[in-house]
Amino acid sequence: MSDKLWIFDTTLRDGEQVPGCQLNTREKIIVAKALEDLGVDIIEAGFPISSPGDFNSVVEISKAVTNPIICALSRAVEKDIEVAAESLKYAKKGRIHTGIGVSPYHIQYKLRSTPDEIIRRGVAAVKFARRFVGDVEFYAEDAGRAEPDFLAKIIEEVIKAGATVVNIPDTTGYCLPEQYGGYISLLKNRVPNIDQAIIATHCHNDLGMATANTIAGVQQGARQVEVTINGIGERAGNTSMEEVVMAIKCHKSIPVDISIDTPKIYGTSRLVSKLMNMPVQPNKAIVGRNAFAHSSGIHQDGVLKHRENYEIIDPKDVGVAESTIVLTARSGRAALKHHLDALGVELEGDALREVYEEFLLLADKKRDIGRKDLMGLVGKFVTDSSFIELEKVSYSSNGTVSADVTLKVGEETHSAHAEGNGPVDAVLKAIEKSVEPQVDLEEFLIQAITHGSDDVAKVHMKVIKNDKPYFGFASNSDIVLASAQAFVDALNKIPVKEYATV
Ligand SMILES: CC(=O)SCCNC(=O)CCNC(=O)[C@H](O)C(C)(C)COP(=O)(O)OP(=O)(O)OC[C@H]1O[C@@H](n2cnc3c(N)ncnc32)[C@H](O)[C@@H]1OP(=O)(O)O
Ligand SMILES: CC(C)C(=O)C(=O)O
Ligand SMILES: [Mg+2]
């Protein structure tokens, strides 16, 4: 029989420590509800002593969320623990998370203390927290660099004092998987009362080892994993929830059950990325834009024949509609044919070979091959009456912001006027008014390339049509124009056959 693996999410505490990621209470409640919906077991909602805002967030999350345990962080300091307990008064199930540094660095240089005194303070903190709640987690900060004998001793003592969960953080992301797993097996084998508490992993990603270390910990007997959505967190981040969950789902040999509703992973990732203003790197495992995108011919042919040739996860299992086949100069005929079929152009044999040769010449010069390029290549076989070209864009701000756009769709000219919250909003609305298909704008990123006031803005956009993502890119020194061009670029990638279905 498998054990339960408790999923402890610290996006709203450790994740929120990242500069620029701070959320207000309303936004934290949105994330907490999404985490509840995703199926997490414990939400670390904040560090209540740190500010009135964080205290209030823990109070409001406790009211808003029903199923998960709500956890509040504190130092091994009585006042911190009292405030944490106060913040949890509305929690249906509340947990206080208290602890202290245990590595020689932390004991000597941070806390200016001695090992014996650290054990005394840790034990006192756990006993004090138990006066308020029955569920007390102890963290042994910087356990990843602790003396093993000292770690085993303090863990034994805090369990005696009433800790229900013992958290073994690799706070500085120092460990290799074998070392981190070694700490967990040491505790399992050496601490006589270890079966009275759950061992938790809490890994940081300074060497890119957070997921590997967490999995090593679970393999050695840890039964709680502390993770964040998209792996956000201090410095290089925390362990990413989606990576751990999917690694365990992919490897049935790890004998644990997880409560996460995996098709909700992608939506939760986007929500956190958007609210925290923290873009997800394109090659991020599981949730990155390219996690299910195939761009070289041999892979594309393999995926088109049988998805599992090059995918270990079905994208639908994590909430991504489908894999994408991206046309590049490394693509082969299978990929080209796949795209032409989607445009309604069915070519075989010599015709396909002829178009493929021309496609290669073009793809060697151009990074991103879009619908206009493809229709140009197959022009003698078919005409495209739906390609969109941006002819004119103007906007003004006179109390209300409005925009006028002129577009050419196939041979026809369309003009539209719209108002918006700002110039980009107005221009995109005007474009949407005059074209099919209507789409949902899911992601919109503007990046400065050189960082001067004469900078060129690079815009990346993701739109959704019929649950499928389409990406648009553009760069221009005019941010509004770059946004309009990226939007049109994305629209032009939507196959005509998708227009009819809304
Ligand atoms: C590994 C982690 O992620 S730990 C969590 C990190 N998150 C945060 O720090 C965010 C919230 N922190 C805060 O708001 C503030 O730092 C507070 C309210 C906790 C403390 O503020 P201040 O009282 O001004 O202290 P300051 O931040 O300057 O220094 C931290 C103090 O806590 C002590 N301390 C650090 N960790 C612990 C601990 N686990 N238990 C007891 N004391 C601790 C330090 O030794 C230092 O004490 P000192 O001033 O006597 O040397
Ligand atoms: C407070 C503890 C759990 C922590 O975040 C760490 O040690 O990384
Ligand atoms: Mg941490």
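## Domains

Domain bounds here come from an automatic or database domain assignment. The model is predicted. On that assignment the chain divides into domain 1 (3-275), domain 2 (293-377) and domain 3 (388-498). The centres of domain 2 and domain 3, taken over C-alpha atoms, are 25 Å apart. Their contact takes nine residues from domain 2 and ten residues from domain 3. On the domain 2 side that touches domain 3, the residues divide into three nonpolar, two polar and four charged.

## The chain as a whole

The chain has 502 residues, of which 43% count as buried. Its secondary structure comprises 16 helices and 18 strands. Along the principal axes, the C-alpha trace spans about 80 × 55 × 40 Å. Take the contacts with a sequence separation of 6 or more: residues 24 or more positions apart account for 65% of them.

Strand β2 covers residues 6-9. Which way do its side chains point? Trp6 and Phe8 point one way, and Ile7 and Asp9 the other way. All of these residues are buried. In a regular strand the side chains alternate between the two faces of the sheet.

β2 pairs with two strands described here. With strand β9 (residues 224-227) it runs parallel, joined by four bridges. In that pairing Asp9 stands opposite Val227. With strand β3 (residues 42-46) the sense is again parallel, over two bridges. Here Phe8 stands opposite Ile42.

## Surroundings of the two ligands

Ligand 1 has 14 residues around it. Which come nearest? They are Phe47, Ser50, Arg75, Ala76 and Ile100. By class, the ligand 1 shell divides into six nonpolar, four polar and four charged residues.

Around ligand 2 stand Asp14, Leu73, Tyr139, Glu141, Asn167, Pro169, Thr171, His202 and His204. The elements that give two or more residues to this shell are β6 and β7 (165-170). By class, the ligand 2 shell has three nonpolar, four polar and two charged residues.

## Two positive phi values

Most residues other than glycine have a negative phi. Arg112 is not a glycine, yet its phi is positive, about 45°. Arg112 lies in the loop between α4 (104-110) and α5 (115-130).

Ile286 is buried, because 27 other C-beta atoms lie within 10 Å and the cut-off for buried is 20 or more.

## Val133: a loop residue

Val133 sits in the loop between α5 and β6 (136-141). Val133 has 19 C-beta neighbours inside 10 Å, so Val133 counts as partly exposed.

Which residues does Val133 touch, leaving aside its neighbours within four places in sequence? The contacts are Ala85, Leu88, Gly94, Arg95 and Ile96. Take Leu88: Val133 and Leu88 are 45 residues apart in sequence, but their C-alpha atoms are 9.3 Å apart in space.

## Ile215: a helix residue

Ile215 lies in helix α8 (residues 210-219). Ile215 has 24 C-beta neighbours inside 10 Å, so Ile215 counts as buried.

Beyond its neighbours within four places in sequence, Ile215 is in contact with Val244 and Ala247. Glu243 gives a further reference point: Ile215 and Glu243 are 28 residues apart in sequence, and 9.8 Å apart in space from C-alpha to C-alpha.

Methods:
Residues are numbered from 1 along each chain as its sequence is written. Chains are lettered from A and ligands numbered from 1 in the order in which they are written. This is a predicted model: local features need pLDDT of at least 70, side-chain atom pairs count only at pLDDT 80 or more; totals for chains, interfaces and linings use all residues. A residue is near a molecule or strand if its C-beta atom, placed from the backbone, lies within 6 Å of it. Ala, Val, Leu, Ile, Met, Phe, Trp, Tyr, Cys and Pro count as nonpolar, Asp, Glu, Lys and Arg as charged, and the others, Gly among them, as polar. A residue is buried if 20 or more other C-beta atoms lie within 10 Å of its own, exposed if 12 or fewer, and partly exposed in between; C-beta atoms are placed from the backbone. Two strands pair if DSSP finds at least two bridges between them. Two residues are in contact if their C-beta atoms, placed from the backbone, lie within 7 Å.
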